[in-house]
Amino acid sequence: MSERAISREGERWVGAFDATTDPALRSWVDVDPGSDFPIQNLPLGVIETDRSTARCGLAIGAQVVDLARLAEAGAFDGIVPHARVVFSAPALNAFLALGRHVWRAFRERMSALLSVHASAEARTIVAPCLLPMRDVAMRMPCTIGDYIDFYASLEHATNLGRILRPSGDALLPNYRHIPVGYHGRAGTVVPSGTAIVRPSGQVVQAGGSAPAYVPTQMLDIETEMGLVTGAGPPMGTAVRIDDARDLAYGYVLLNDWSARDIQAWEYQPLGPFLSKSFATSISPWVVSLDALEPFRVAGPSQEPAPLPYLRASQSWAYDIAITARLATPRMRTRNQPSQTIVETNLRGMYWHFAQQLAHATANGASVRAGDLFGTGTISGSEPRAYGSLIELTWRGRDPLAIGDETRTFLEDGDTVDMRAVCLRDGVRIGFGELVGTISPAR
């Protein structure tokens, strides 16, 4: 397959177009120009309808391809091993376990079936497998075995250091040497639309010295992306950084809800625990790195240079613009639109996914198909690009104006809606929406 290079390494674009991402490519399925899901995207998820059980699906415009039904028609024979079983499963894990060569062959097959150049026979096979997206319920895209959340934004780490340690160094000594992270709780990773119950925990309230068990009053968002993986090497084998791409299938939007007052009491000396484990939301569609390839860019410089096992031969930053919007109960009652509170971009992350995978497995830890690696809060250098409320309000010192209300942290009934999009040469690759509404503590 021929590829058209975008630019030389070191310039803004370092990725490449190919036959499946060509800006001139069009589908015979109607796709609105503003859709997140043109033929260049082809994201995967798990769908369910009233008449059938959960199975794998693919988004194209405002429709979903039922991959289980398409597999039954023989569309993937010789391309995806055991395709009928793989795509009838209620999770993407079996497909993710097949590896990059199968991922690529599947993508090329779907691009050919949906292209305007598809034969009449191909269209006849695909047409009965199309479902209106409005008639489909989205489920968790995969069963997550392990979940790691990193701290990969230099700007976010610096802001948090200034807030929490105003008289000390903003960055701890290890930050520029290793991708700092913690192991989260996979069982409370939930799909978009799941209500988020306000957590309770131990909090040392203002003026006090002893903790009380109370609902958090500092419920926060974290604007992130999450990498979904395929299967890694056997336990005891580190992933070479230049092999990390073979393990990385694609990205979802991720919101790692955080209870900052609980976190402040518990995080020393071992880091986040109950303040993070109560809920992490992800978007339902997984966008492959193949679809994101044209949006790969040169990342930020790293000083000092990382140790050799963290030095990649190429950049793995992506120009993905991310927004978070907030709607209060009063705004919804008045039919007022939600208000944008965050505008940030993945391209500025200090530690990229290949470094994260290489470091996470440097001790021989395993990676399984469907594991989730969060970037950590994505913040930029300007206040508008801060990816959390603790930064946006400077831990409550500077309340945000939301219509005729104010917010320092989230209140019951507040709804947060995150979206992400890549734009280039007329191609728009989106991730759909990631929504969560806060319910009162139980």
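**View 1. The lining of the largest pocket divides into 13 nonpolar, 8 polar and 6 charged residues.** Here Ala, Val, Leu, Ile, Met, Phe, Trp, Tyr, Cys and Pro count as nonpolar, Asp, Glu, Lys and Arg as charged, and the others, Gly among them, as polar. This is a predicted model, in which local features need pLDDT of at least 70 and side-chain atom pairs count only at pLDDT 80 or more, while totals for chains, interfaces and linings use all residues. Residues are numbered from 1 along each chain as its sequence is written, and side-chain values use heavy atoms, with hydrogens and water left out. The space in the largest pocket comes to about 590 Å³, and of the 27 residues that line this pocket, Tyr-151, Val-180, Gln-263, Tyr-267 and Pro-272 are the closest to its centre. A pocket is an open set of points on a 1 Å grid over the protein atoms alone, with protein on both sides within 12 Å along at least five of seven lines; a cavity is a set of points where a 1.4 Å probe fits but cannot get out, and lining residues have an atom within 4 Å of a point. Points are joined across faces, edges and corners, and a volume is the space filled by probe spheres set on them. At least two residues of the pocket lining are supplied by each of strand S8 (147-150), helix H6, strand S9 (181-183) and helix H7 (260-266), with H6 giving the most, 5 residues. Helices (H or I, at least four residues) and strands (E, at least two) are DSSP runs, numbered from the N terminus.

**View 2. Helix H6, residues 154-164, is largely enclosed by the rest of the structure, because 8 of its 11 residues are buried.** A residue is buried under 20% relative accessible area, exposed over 50% and partly exposed in between (1.4 Å probe, protein chains only). The buried residues of H6 are Leu-154, His-156, Ala-157, Thr-158, Asn-159, Leu-160, Gly-161 and Ile-163, and these residues pack against helix H12 (389-392), where contact means heavy atoms within 4.5 Å.

**View 3. Ile-262, a residue of helix H7, is shown with the residues that it touches.** With a relative accessibility of 2%, Ile-262 counts as buried. When its neighbours within four places in sequence are left aside, Ile-262 is in contact with Pro-199, Ser-200, Gly-201, Gln-202, Val-203, Thr-216, Leu-274 and Ser-275. Although Ile-262 and Pro-199 are 63 residues apart along the chain, their C-alpha atoms are separated by 9.2 Å.

**View 4. Two of the aromatic pairs are shown, from the 15 that a search of the whole structure finds.** Rings of Phe, Tyr and Trp (its six-membered ring) pair if their centres lie within 6.5 Å, and planes under 30 degrees apart count as stacked, over 60 as edge-to-face and the rest as tilted. Phe-87 and Phe-106 form a tilted pair, with 5.4 Å from centre to centre and 35° between the planes. Because Phe-87 lies in helix H2 (residues 83-88) and Phe-106 in helix H4 (residues 100-114), this pair ties together parts that are 19 residues apart in sequence. Phe-87 is buried at 0% relative accessibility, and Phe-106 is buried at 2%. In the pair of Tyr-251 and Tyr-318, which is edge-to-face, the centres are 6.2 Å apart and the planes are at 75°. This second pair links distant parts of the chain, with Tyr-251 in strand S16 and Tyr-318 in strand S21 (residues 317-318), 67 residues apart. Tyr-251 is buried, with a relative accessible area of 3%, and Tyr-318 is likewise buried, with 1%. Elsewhere in this set of contacts, ring pairs link Phe-76, Phe-87, Phe-95, Trp-103, Phe-106 and Tyr-249 into a cluster.

**View 5. The charged end of Arg-424 sits over the ring of Trp-13, 4.3 Å from its centre.** Arg-296 lies over the face of Trp-316, at 4.7 Å from the ring centre. A charge sits over a ring if NZ of Lys or CZ of Arg is within 6 Å of the ring centre and within 35 degrees of the ring normal.

**View 6. The largest cavity has a volume of about 80 Å³.** The structure holds 4 cavities of 30 Å³ or more. Among the residues that line the largest cavity are Tyr-251, Trp-316, Tyr-318, Arg-347, Trp-351 and Phe-353. Strand S21 and helix H11 (353-360) each supply at least two residues of this lining, which divides into 8 nonpolar, 3 polar and 1 charged.

**View 7. Asp-243 is placed in the loop between strand S15 (223-229) and strand S16 (248-255).** Asp-243 counts as partly exposed because its relative accessibility is 29%. Asp-243 and Leu-130 are 113 residues apart in sequence, and from C-alpha to C-alpha they are 36 Å apart in space.
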